[in-house]
Amino acid sequence: MKVIKYMVAGILILAATTHALAQKNLVMNGGFENELEGWVDYSAKVTPYIYHSGKMSSAIFSADSSKWTGMHQVVSLPKNTQYILMSAKIKADAVSTGKNPWNGALFLFETLNKQEAKIGEGINIASVTGDADWKLYEKAYIIPPGITKIKLLFALGYVTGTMFVDDVSLKVITQSEFEKYL
């Protein structure tokens with residue numbers, strides 16, 4: 001009888017741990033409340049003047065369409081991760097249209113192995129041009145074998161204008177949660 005009680009308790013703890021893990025944001029400082037801590041920036045700044053939530057957001061500005069400006073963060077995935085949901089709120093001000101269809105205020109990601117070598121091509125989640133108020137962009141994704149990290153990138157890809165980013169998140173989700181995004 002005690003064995004059954006311990007098994008039930010173990011299953012409940014495992015279920016609670018899995019649910020908690022599925023809800024935890026793996027992005028460090030996704031609201032930019034701690035400036036750019038956790039982010040690698042190439043011309044990104046923080047601003048207390050325009051934000052979606054909290055008291056800060058990240059601002060990426062470019063007056064030169066020959067440059068790529070932005071920031072990224074490499075996020076380690078928990079072992080045996082199968083599904084993730086990436087999201088961010090983005091606002092665009094006077095973002096020009098570039099030479100290529102993918103140019104704009106970009107939210108994309110790359111998959112990496114444990115040595116942080118890029119596997120496959122980057123995948124675009126959003127490309128915004130013109131003026132756009134805050135909007136949630138999100139992508140659910142199946143993690144292929146050998147992928148242990150995700151590189152989240154935000155950039156002005158060879159365009160001019162300003163991109164604001166806030167509420168960046170990467171969470172482990174269940175298969176049933178993933179299926180809601182199909």
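Biologist: Which residues form one aromatic cluster?
Modeller: In this predicted model, the cluster is made of F32, W39, F107 and F154.

Biologist: And how many aromatic pairs are there by the ring rule?
Modeller: The count comes to eight.

Biologist: Why is the pair of W102 and Y158 called edge-to-face?
Modeller: Let's check it in two steps. The ring centres are 6.2 Å apart, and pairing asks for centres within 6.5 Å. The planes meet at 80°, and over 60 degrees counts as edge-to-face. So W102 and Y158 are an edge-to-face pair.

Biologist: What makes you say that this pair links distant parts of the chain?
Modeller: W102 is in the loop between β5 and β6, while Y158 is in the loop between β9 and β10, and the two are 56 residues apart.

Biologist: Why does W102 count as partly exposed?
Modeller: Its relative accessibility is 37%. Buried would need under 20% and exposed over 50%, so W102 falls in between, as partly exposed.

Biologist: What about Y158, and why?
Modeller: Y158 has 36% relative accessibility, which also lies between those two cut-offs, so Y158 is partly exposed.

Biologist: Good, now the inside. Which residues touch the most other members of the largest nonpolar core?
Modeller: Among its 38 residues, they are M86, F107, I150, L152, F154 and L170.

Biologist: Which element gives the most to this core?
Modeller: That is β5, with six residues.

How values were computed. Residues numbered from 1 in each chain as written. Predicted model: local features only at pLDDT ≥ 70, side-chain atom pairs only at ≥ 80, totals over all residues. Heavy atoms only, no water. Phe/Tyr/Trp six-rings, centres within 6.5 Å; stacked < 30°, edge-to-face > 60°. Helix = DSSP H or I, 4+ residues; strand = E, 2+ residues; numbered from the N terminus. Buried < 20%, exposed > 50% of the residue type's maximum accessible area, 1.4 Å probe, protein only. Core = buried A, V, L, I, M, F, W, Y, C linked by side-chain atoms within 4.5 Å.
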